[in-house]
Amino acid sequence: MKIRDKILVVEDEKSICHFISSTLSNNGYDPMEAHSGKEALSMISSYCPDVVILDLGLPDMDGLEILRELRSWSNLPVVVVSARTHERDKVEALDLGADDYLTKPFGTDELLARVRTAIRHTRTTSEHSEIARLGTYTVGDLVIDYNKHQVLLNGENVHLTVNEFRIVALLGKYSGKVLTYAYIMKELWGPRADSDNQILRVNMANIRRKIEKNPAEPQYIFTEAGVGYRMAEGE
Amino acid sequence: MKKFFAKFLPFNFQDFWLSSAILAGATVTCAILRHADSEGEFVSLIFVLAVMLISRLTTGYLFGTAASLVAVICVNYVFTYPYFAINFTIAGYPLTFIVMLLVSIMTSAMTTQIKQQEHLRAETEKEKARADLLRSVSHDIRTPLTSIIGATSTLLESGDYLSHDQKVRLLEDTRSEAQWLIRVVENLLSVTRMGDSQTYIDKKNEPAEEIVGEALQKFRKRFKTIPVSVSVPDELLMVPMDAILIEQVLANLMENAVSHGQTTTHIWLTLSSDGTDGIFSVRDNGSGIPPAQIPQLFSGISHSSDNRTVDGKRNMGLGLTVCKAIVQAHGGTITAYNLPQGGAEFIFRLPLSHTQPNSKEVSR
């Protein structure tokens, strides 16, 4: 029998729990349900799921609390689900270590894509990923060559500046995942980086002019307004 | 107590300087007129006028009352014999004093009352706008809910008798109605995000093309069949805005182009700038806006109530009202018109900041 990935769904709303669980089991995952924060924490430590889908609005505790506690001892991927639409909440959850974020309402496609990305990122810890094997990341006609520090579009070097390359390289490393502005700023410009992210935004505009056909119709790097950027996933 | 002072005796420097200026003006006028007529009968009258002006133009009772005191002393000290001496025993003097005080208090009272009435009227209008919005929302929510409940009940109760196609159609309807409800809720969230004042918005310099791009991406997820041509300037255009709200405006305009354009098969989304404003345009090739609706397009009045047969549910009101509120809160303008070749165009302009995009070094 095939071993299936265990996914813990932490959600107090029964109807949503039901729909997520049935979608997951129809797509080859093994879902478990927890309806409160306490239950979730004890299930995580006893069953060690492969992914946690965590609703932020739980009756007994704030989902962010669970995330904080979990991150103190585990790196297991967490996809946060919430009805809070303010981008501050997303940024907070992501900066606390959530791997991804889904805003209610979301479609099944979106849910499955996020779960796949989350699992892939834990599986492919360095050795197995394309980046580690070949030193490149490929998506569509775009190739990031980590050894030569180049980005190729249809086989041609697009001549990014050092910072532009570092931004693209970082997003490529975490493709499919949204990286917050603050995270990218910190990675590139260090912990004392300006809290103003204008440099990043301007660099991104320049990158898009080099790699996208139309900067307003990006195929490779997407914007999450008020939150950050996300690199498209390769095949 | 503090409240009492704030209401009746509010002190502000603008009023203080205004009062001083008026009193000084009155004094100078009297001094000049006295050369022509040394009798000085007019002095009291001019000061009464000054006191009245001050009471009318300042807030509360403080300055009017203070001015009448100053005026009385001034008249007595400067313009009444014996000059430059206080003498309250002059015949009729107490009367002058009382008249001035009364004039000042009565004018202040009247002014305050008028201001309160204006405030009240503004409140009432706000209240009315809120009620209109609620009415429009309830209308927008009730219809799709009816359809969702109807479709799901049919599926549950007589699902066995329905063909596969019929079931799929009912489910598709349910999904699209639910998506419509999401739009309503998102518009409401935008309203709460703007808060009551509708004047203060947390604006940040955003690359406008990113926001256009994201709105477009979301639109494409929902309306896969309608092609959108998008064009943005070659130069990066930074526009100060609340990105989430402007994305909502673009989403509303594009979705309206589909749901109200009826025959829309193509949408053009254009971003440009004239140096002072960022200009966003959403154009379609649909059936256009019914001319009768253009004057009150953004007013939030439910058009369907005038014209039930045309479109019972797809109320244009809320989406466009929210668009207008958002754009105005940004200090911008929004306009709509029909194109000669058919279709409609909605344009909104957002002022660019004086501090140009990035004076900072881009590559460190």
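**Exercise 1.** Which residue of β12(A) is the bridge partner of F222(A)?

*Solution.* The model is predicted: local features need pLDDT of at least 70, side-chain atom pairs count only at pLDDT 80 or more, and totals for chains, interfaces and linings use all residues. Residues are numbered from 1 along each chain as its sequence is written, while chains are lettered from A and ligands numbered from 1 in the order in which they are written.

Step 1. Locate the strands, which are DSSP runs of E with at least two residues, numbered from the N terminus, as are helices (H or I, at least four residues). Strand β11 of chain A covers residues 221–224 and strand β12 of chain A covers residues 228–231.

Step 2. β11(A) and β12(A) run antiparallel and are joined by four bridges.

Step 3. Read off the partner: F222(A) is bridged to R230(A).

Step 4. Inspect the turn. The two strands form a hairpin with three residues between them, and G226(A) in the turn has a positive phi of about 75°.

**Exercise 2.** Describe the side of domain 1 of chain A that touches domain 2 of chain A.

*Solution.* Step 1. Take the bounds, which come from an automatic or database domain assignment: domain 1 of chain A is 5–123 and domain 2 is 127–231. Their centres, taken over C-alpha atoms, are separated by 27 Å.

Step 1. Count contacts (C-beta atoms, placed from the backbone, within 7 Å). In domain 1 of chain A, 11 residues are in contact with 10 residues of domain 2 of chain A.

Step 2. Assign the touching side of domain 1 to elements. At least two residues each come from α4 (87–95), β5 (100–103) and α5 (108–123) of chain A; α4(A) gives the most, with five residues.

**Exercise 3.** Determine the span of helix α4 of chain B and list its buried residues.

*Solution.* Step 1. The helix comprises residues 62–79, 18 residues in total.

Step 1. Apply the burial criterion (20 or more other C-beta atoms within 10 Å of the residue's own, with C-beta atoms placed from the backbone). The buried residues of α4(B) are F63(B), G64(B), T65(B), A67(B), S68(B), V70(B), A71(B), V72(B), V75(B) and F79(B).

Step 2. For context, 33% of the 364 residues of chain B count as buried.

Notes
The expected span of a helix is 1.5 Å times one less than its number of residues. A residue is buried if 20 or more other C-beta atoms lie within 10 Å of its own, exposed if 12 or fewer, and partly exposed in between; C-beta atoms are placed from the backbone. Two residues are in contact if their C-beta atoms, placed from the backbone, lie within 7 Å. Two strands pair if DSSP finds at least two bridges between them.
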